[in-house]
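User: I'd like to learn how to read helices and cores in a model like this one. Can you walk me through it?

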Amino acid sequence: MSGQEDLANQKYKQKNMSYQKRQLNAEEENVILPILVKVLKKTSHMKSLKAPEICAGMNNLRIRDGKFKQVFTESMLRRLSNYIRANEILPLIANNKGYYVSYDVRDIEDEIKSLEDRISGIQYAISGLKRYRQQLISEQINQDPCGIS
């Protein structure tokens with residue numbers, strides 16, 4: 001890969017990763033992610049895996065083979081799942097049956113709708129907390145505007 005292609009790839013990753021709280025570390029990106037992708041490629045709608053099963057399997061691999069050092073948690077699974085989707089690595093679906101890969105447009109549309117609904121719910125919760133915070137600030141100002149008790 002040329003220097004210019006490498007720079008373009010870095011810019012693409014930065015742009016697409018800007019939403020994350022923190023980017024993947026080297027072990028997550030270069031070791032754990034490829035193993036997880038290999039595991040997920042074996043799944044389907046009829047052969048989905050629940051989060052605890054994935055975590056247990058990844059941690060068993062970690063202990064048995066020493067392939068990576070970090071404990072594989074459900075939080076890591078969610079973060080890597082978002083990375084997989086955002087970077088178009090696999091069409092990963094997660095629902096009450098578990099995680100699986102699907103090339104069915106309807107499954108992908110359902111997953112998009114599910115993600116959009118979660119965003120909407122989070123935005124609604126944020127709005128409520130902001131209103132509550134504003135009420136608290138208003139009450140504090142009205143109770144003691146000069147800071148004298």
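User: Let's start with helix α3: what should its 15 residues span, and how far apart are its end C-alpha atoms?

Analyst: Keep in mind that this is a predicted model. The general idea is to count 1.5 Å a residue and compare that with the ends.

User: Which residues of α3 are buried?

Analyst: They are A51, I54, C55, M58, N59, L61 and R62. Looking down the helix axis, you'd find these buried residues within an arc of 155°, so they line one face of α3. The face turned away from that buried side carries the exposed residues P52, I63 and R64.

User: What do the buried residues of α3 pack against?

Analyst: Their partners are α2 (26–40), α4 (74–86) and β2 (98–101).

User: And N59, buried or exposed?

Analyst: Here you check relative accessibility against the cut-off: buried means under 20%. N59 has 12%, so it counts as buried. Skipping neighbours within four places in sequence, N59 is in contact with Q70, V71 and F72.

User: What comes just after α3?

Analyst: That's G66, with a positive phi of about 65°.

User: Now the core. Which residues touch the most other members of the largest nonpolar core?

Analyst: The general idea first: in soluble globular proteins, nonpolar side chains tend to be buried together. In this model the largest nonpolar core has 24 residues, and L36, L40 and F72 touch the most other members. The elements giving two or more residues to this core are α2, α3, α4, β1 (92–95) and β2. Of these, α2 gives the most, with six residues.

User: What is F72 in contact with, leaving aside neighbours within four places in sequence?

Analyst: The list is I32, L36, I54, C55, M58, N59, L77 and L80.

User: Last one: at what angle do the axes of α2 and α4 cross?

Analyst: For a helix pair, you look at how close the axes come and at the angle between them. The axes of α2 and α4 come within 11 Å and cross at roughly 80°. Angles of 65 to 115 degrees count as roughly perpendicular, and α2 and α4 are therefore roughly perpendicular to each other.

User: Which residues meet there?

Analyst: From α2 you have E28, E29, I32, L33, L36, V37 and L40, and these meet M76, L77, R79, L80, Y83 and I84 in α4.

Methods: Residues are numbered from 1 along each chain as its sequence is written. This is a predicted model: local features need pLDDT of at least 70, side-chain atom pairs count only at pLDDT 80 or more; totals for chains, interfaces and linings use all residues. Side-chain values use heavy atoms; hydrogens and water are left out. Helices (H or I, at least four residues) and strands (E, at least two) are DSSP runs, numbered from the N terminus. The expected span of a helix is 1.5 Å times one less than its number of residues. Buried means under 20% relative accessible area, exposed over 50%, partly exposed in between (1.4 Å probe, protein chains only). The arc is that of the directions from the helix axis to the C-beta atoms. Contact means heavy atoms within 4.5 Å. A nonpolar core is a set of buried Ala, Val, Leu, Ile, Met, Phe, Trp, Tyr and Cys residues joined through side-chain atoms within 4.5 Å. Axes are lines fitted to C-alpha atoms, for helices over the stretch in contact, and angles run from 0 to 180 degrees between N-to-C directions. Angles under 35 degrees count as roughly parallel, over 145 as roughly antiparallel, 65 to 115 as roughly perpendicular and the rest as oblique.
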